[in-house]
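Reader: Please take a close look at one part for me. I would like the side-chain contacts there, with the cut-offs spelled out.

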Amino acid sequence: MNVNIKKIFNWEIVDVSRPIPSYVFTCARPRVSGYTVTITYAHHGCVSKFFDAESEALWARYPDDGPWGAAYDYYKRMKNSMRQQHKRMR
């Protein structure tokens with residue numbers, strides 16, 4: 001069994017998705033329950049981070065724009081991190 005140590009420690013980001021709203025349907029009326037940002041790594045698959053819009057206890061941790069602002073801020077930070085990784089590889 002050959003284990004490639006370089007792949008184990010390589011957390012290179014390949015793609016970052018924009019914040020995608022998650023909906024809950026109540027009384028035939030959709031309501032946003034939060035936003036999901038998905039990060040795809042080269043050798044470790046996908047990881048999703050969820051920013052909850054229904055839990056008021058978490059709103060204190062979010063910036064002024066609420067969960068949308070937190071999700072978009074996270075998206076921008078991961079996109080910047082991906083650019084920095086690509087610069088180092090060249």
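Author: Helices here are DSSP runs of H or I with at least four residues, strands are runs of E with at least two, and both are numbered from the N terminus. The model is predicted, so local features need pLDDT of at least 70 and side-chain atom pairs count only at pLDDT 80 or more, while totals for chains, interfaces and linings use all residues. Residues are numbered from 1 along each chain as its sequence is written, and side-chain values use heavy atoms, leaving out hydrogens and water.

The part to look at is helix α2, residues 66-89. Start with its rings. A pair of aromatic rings is described by the distance of the centres and the angle of the planes. Rings of Phe, Tyr and Trp (its six-membered ring) pair if their centres lie within 6.5 Å; planes under 30 degrees apart are stacked, over 60 edge-to-face, and the rest tilted. The whole structure holds five such aromatic pairs. W68 and Y72 are stacked, because their ring centres are 5.8 Å apart and their planes meet at 25 degrees. These two residues are four apart in helix α2, which puts about one helical turn between them.

Y72 also pairs with Y75. That pair is tilted, at 5.7 Å centre to centre and 40 degrees between the planes. Y72 and Y75 are three residues apart in helix α2, again about one helical turn. Ring pairs link Y35, W68, Y72 and Y75 into a cluster.

Now accessibility. Buried means under 20% relative accessible area, exposed over 50%, and partly exposed in between, with a 1.4 Å probe and protein chains only. W68 is partly exposed at 38%. Y72 is partly exposed at 28%. Y75 is buried, at 9%.

Next, a charge and a ring. A charge sits over a ring if NZ of Lys or CZ of Arg is within 6 Å of the ring centre and within 35 degrees of the ring normal. The charged end of K49 sits over the ring of Y74, 4.8 Å from its centre.

Last, the salt bridge in this helix. The term needs a side-chain nitrogen of Lys or Arg within 4 Å of a carboxyl oxygen of Asp or Glu. A search of the whole structure gives two. One of them joins D73 to R77, with the closest N and O atoms 3.6 Å apart. D73 and R77 are four residues apart in helix α2, about one helical turn. D73 is partly exposed at 35%, and R77 is partly exposed at 46%.
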